[in-house]
Amino acid sequence: MPKPVILCVDDERVILESLRTQLRTAFGERYLYETAESAEEALEIIDELQGDSADIIVIVSDWLMPKVRGDEFLIQVHQRFPKVVKVMLTGQADEAAIQRAIEQANLHRCLYKPWHSDELVETIRSGLSPEQP
């Protein structure tokens, strides 16, 4: 049985590498850590993982990306996989986009760049805790 997956989506490779390192340090080998540089690439990865029967449990997505914004991407994901914990990580999202993601994608939390590793890890832990609805 494949490990659960945490997927990070950002158009900046350095951000993705930083996220992967921080998550692996915090959670070790408990999860698989996938990255995508666009919403389109992320959707392809999601489809591949579903074909392999892997469960995506968390998506951390930037907001300001080419073509498809993070809120739009998270809404698409929510329509297909409502139980996935969705986190937006951004330095530039407007309040309307954040509100739209909260209402239409059940956004768990919005973190702002530059983020603190502890805040990211705690956000993911709280999203995965069984007490969450």
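Reply: Buried here means under 20% relative accessible area, with exposed being over 50% and partly exposed in between, using a 1.4 Å probe and protein chains only. A quick word on where this comes from: the model is predicted, so local features need pLDDT of at least 70, side-chain atom pairs count only at pLDDT 80 or more, and totals for chains, interfaces and linings use all residues. Residues are numbered from 1 along each chain as its sequence is written, and side-chain values use heavy atoms, leaving out hydrogens and water.

Ile 124 sits in helix α5, which covers residues 117-128. (Helices are DSSP runs of H or I with at least four residues, strands are runs of E with at least two, and both are numbered from the N terminus.) What does Ile 124 touch, leaving aside residues up to four places away in sequence? Its partners are Ile 6, Leu 23, Phe 27, Val 58 and Val 60, where a contact means heavy atoms within 4.5 Å. Take Leu 23: it is 101 residues from Ile 124 in sequence, yet their C-alpha atoms are 9.4 Å apart in space.

Among contacts with a separation of 6 or more, 67% are between residues 24 or more positions apart.

Two of those partners, Val 58 and Val 60, bring us to strand β3, which spans residues 56-61 and runs parallel to β4, joined to it by four bridges. Two strands pair if DSSP finds at least two bridges between them.

Now look at β4 itself, residues 85-90: six of its six residues are buried, so the strand is largely enclosed by the rest of the structure. Val 85, Val 87 and Leu 89 point one way, while Lys 86, Met 88 and Thr 90 point the other way.

Zooming out, the protein chain has five helices and five strands, in the order β-α-β-α-β-α-β-α-β-α. Its radius of gyration is 13 Å, close to the 14 Å that the globule rule gives for 133 residues, so the chain is as compact as a globular protein of that length. That radius is taken over C-alpha atoms, and the rule is 2.2 Å times the number of residues to the power 0.38.
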